[in-house]
Amino acid sequence: MGAAVDAALDASPALTAARLARDVVAALPSGALLVLGSSTPVRDVDRLAVPRGDLTVLANRGVAGIDGTISTATGAATVHGGAAFALMGDLTFLHDLTGLLIGDGEPAPDLTVVVPDNDGGGIFAQLEPGRTGTPATTGGCSAPRTGGTWSRSRRRSAGARAG
Ligand SMILES: Cc1ncc(C[n+]2csc(CCOP(=O)(O)OP(=O)(O)O)c2C)c(N)n1
């Protein structure tokens, strides 16, 4: 099974977010902290990465918000004290960009943030409402970085304005 997953990921000529998730986990130094963003990164790591017992892996659940993920990572990295990494989607990253700010006199954590540049919101295409042929939608659902939420809603709004 693992070999089949690896073969499928490696077959893609381009770097994909899925392959990135698998490879980030494999490349981390022993003892590292890894903070995962909602929603695709945590799912990709869960289903595609080879499990490692020598890492500390954290993710925000609660209401599964994308807000505050960088802040979570910087706080956790500061407490962790060693090498820390965060893997999050580009929308999640932009949503909490100010979490990268470090105030005067505050400790700077050893944190590396890894972000796939894939125009945000890919998770929705993987969920039932985003699937082609689903009664709820005739088009795809997405949350692109350019500011939309659900593409179908945007088309409806545009139609209303045009009419
Ligand atoms: C504060 C907040 N707004 C909106 C959402 C809904 N939401 C969940 S995942 C997601 C998309 C995040 O996009 P990205 O960071 O690119 O990650 P990916 O689509 O790859 O999972 C959104 C908008 C949320 N969970 N929290």
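Colleague: How many helices and strands are in the protein?

Modeller: There are seven helices and four strands. This is a predicted model.

Colleague: What pattern does the protein follow along the sequence?

Modeller: Reading along the sequence gives α-α-β-α-β-α-β-α-β-α-α.

Colleague: Now burial and contacts. Of the 163 residues, what percentage count as buried?

Modeller: The figure is 28%. For contacts, take residues at least 6 apart in sequence: 66% of those contacts join residues at least 24 apart.

Colleague: Let's turn to β1. Which residues of β1 are buried on each side?

Modeller: General idea: side chains in a regular strand alternate between the two faces of the sheet. In β1, Leu33 and Val35 lie on one side, Leu34 and Leu36 on the other. All four are buried, and both faces of β1 are covered.

Colleague: In which sense do β1 and β2 pair, parallel or antiparallel?

Modeller: Parallel, over four bridges. Within that pairing, Val35 stands opposite Leu58 of β2. The chain gets from β1 to β2 through α3, and this β-α-β crossover is right-handed.

Colleague: And over how many bridges do β1 and β3 pair?

Modeller: Four, again in the parallel sense. Here Leu34 stands opposite Phe85 of β3.

How values were computed:
Residues are numbered from 1 along each chain as its sequence is written. This is a predicted model: local features need pLDDT of at least 70, side-chain atom pairs count only at pLDDT 80 or more; totals for chains, interfaces and linings use all residues. Helices (H or I, at least four residues) and strands (E, at least two) are DSSP runs, numbered from the N terminus. A residue is buried if 20 or more other C-beta atoms lie within 10 Å of its own, exposed if 12 or fewer, and partly exposed in between; C-beta atoms are placed from the backbone. Two residues are in contact if their C-beta atoms, placed from the backbone, lie within 7 Å. Two strands pair if DSSP finds at least two bridges between them. A crossover is right-handed if, with the strands pointing away from the viewer, the path from the first strand over the helix to the second runs clockwise.
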